[in-house]
Amino acid sequence: MNEAGHVGFLRELTWGHVLLIIVVLVGSHVLIQGVRWIVRHTAESAPSHRRLLILRASPIARLLIGLTAVAIIVPILVEPNFEDVVALVAAVGLALAFGLKDYVSCLAAGVVTILENTYQPGDWIELDGTYGEVKMIGTRAVHIVTADDTEVIIPHARLWSASVFNASGGKQSLLCVTDFYLHADHDGAAVRDALAEIGDASSFRKPGTPVTIVAAETPWATRYKIKAYVAESREQFAMITDLTIRGKERLRAMGITFAQAPYAQSGTG
């Protein structure tokens, strides 16, 4: 067979054309693998503070090689005349419209987020089950850093279908809640007063803000909550730890027994 069939805006291909396309595809694949190997070994031997910067070159090089291969192959496939170029542009435009619809949705949601001030850098939010500090609002996604110092990147499009919980709302302070589960047989008023004193004495509490104690009975314990505002939102976990440790020490000194969650039981019969 000397020629392949002519399809739409594609030119009639000869075996030479097919062979050249195969050479370009194989060559680009080999070149990508070689670049990845070089970048990886260079990064391993470089100073630690430059390692990530060097590794970043790998995907950039892969993209450039891929675009170069496409630029070589397209003129082989397409007749260089006005009608075929228009047909090719239309086909590519249609493919991009379908492929980038999610990206466009993210862009639109990002604009809405900024205009409505749903959250801003420095806010502590929970989105898609991830709770952390907003570090950056990009064009496509929001970057959240969790308490474990893990950066989570969530597309803005989740705004259309997910709830956003904003704990700080643009303020430096936020409300911290510390839980205690006690055996039901105790003096509730004494416990309430003791926990209130613990909250008032915390060095992390924002001056002038109230401390609230909430109590509720559960099937296996009496649950107490210390609700207090931390002065600096980034110290919220330090405050919860401080209230927990000092609260347990005070309750033990009072002879209060802590509750234990019942174990799940299973049986046959």
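This is a predicted model: local features need pLDDT of at least 70, side-chain atom pairs count only at pLDDT 80 or more; totals for chains, interfaces and linings use all residues.

Biologist: How many helices and strands does the protein have?

Modeller: The secondary structure comes to 7 helices and 8 strands; helices (H or I, at least four residues) and strands (E, at least two) are DSSP runs, numbered from the N terminus. Of the 269 residues, 27% count as buried, buried being under 20% relative accessible area, exposed over 50% and partly exposed in between, with a 1.4 Å probe and protein chains only. Among contacts between residues at least 6 apart in sequence, 60% join residues at least 24 apart.

Biologist: How should I read a pair of packed helices, and what is the angle at which the axes of α1 and α3 cross?

Modeller: Two packed helices are described by the angle between their axes and the distance between the axes. Here the axes of helix α1 (residues 15-45) and α3 come within 10 Å and cross at roughly 175°, which makes α1 roughly antiparallel to α3. Axes are lines fitted to C-alpha atoms, for helices over the stretch in contact, and angles run from 0 to 180 degrees between N-to-C directions; angles under 35 degrees count as roughly parallel, over 145 as roughly antiparallel, 65 to 115 as roughly perpendicular and the rest as oblique. The contact involves residues of α1 including Leu20, Val24 and Leu31, and residues of α3 including Ala61, Ile65 and Ile72. The residues of this contact of α1 with α3 divide into 15 nonpolar, 3 polar and 2 charged, where Ala, Val, Leu, Ile, Met, Phe, Trp, Tyr, Cys and Pro count as nonpolar, Asp, Glu, Lys and Arg as charged, and the others, Gly among them, as polar.

Biologist: Are α2 and α3 roughly parallel or roughly antiparallel to each other?

Modeller: The axes of helix α2 (residues 48-55) and helix α3 (residues 57-77) come within 5 Å and cross at roughly 20°, and α2 and α3 are therefore roughly parallel to each other. Leu53, Ile54 and Leu55 of α2 meet Ala57, Ser58 and Pro59 of α3 in this contact, whose residues divide into 5 nonpolar, 1 polar and no charged.

Biologist: How do I read a sheet, and what is the order of the strands in the sheet of 5 strands?

Modeller: Strands of a sheet pair through backbone hydrogen bonds, either parallel or antiparallel. In this model 5 strands form an open sheet in the order β4-β3-β2-β1-β5, with antiparallel pairing; two strands pair if DSSP finds at least two bridges between them. Its edge strands are β4 and β5 (164-166), each pairing on one side only. Strand β3 (residues 141-146) and strand β4 (residues 151-155) pair over 5 bridges in the antiparallel sense, and they form a hairpin with 4 residues between them, where aspartate 149 in the turn has a positive phi of about 60°.

Biologist: Which helices pack on the sheet of β6, β8 and β7?

Modeller: That open sheet of 3 strands has the order β6-β8-β7 and antiparallel pairing, with β6 (174-182) and β7 (212-217) as the edge strands. Helix α6 (residues 188-200) packs on the sheet, touching β6, β7 and β8, and its direction makes about 25° with that of β8. Helix α7 (residues 236-253) also packs on the sheet, touching β6 and β8, and its direction makes about 30° with that of β6.

How values were computed. Residues are numbered from 1 along each chain as its sequence is written. Side-chain values use heavy atoms; hydrogens and water are left out. Contact means heavy atoms within 4.5 Å.
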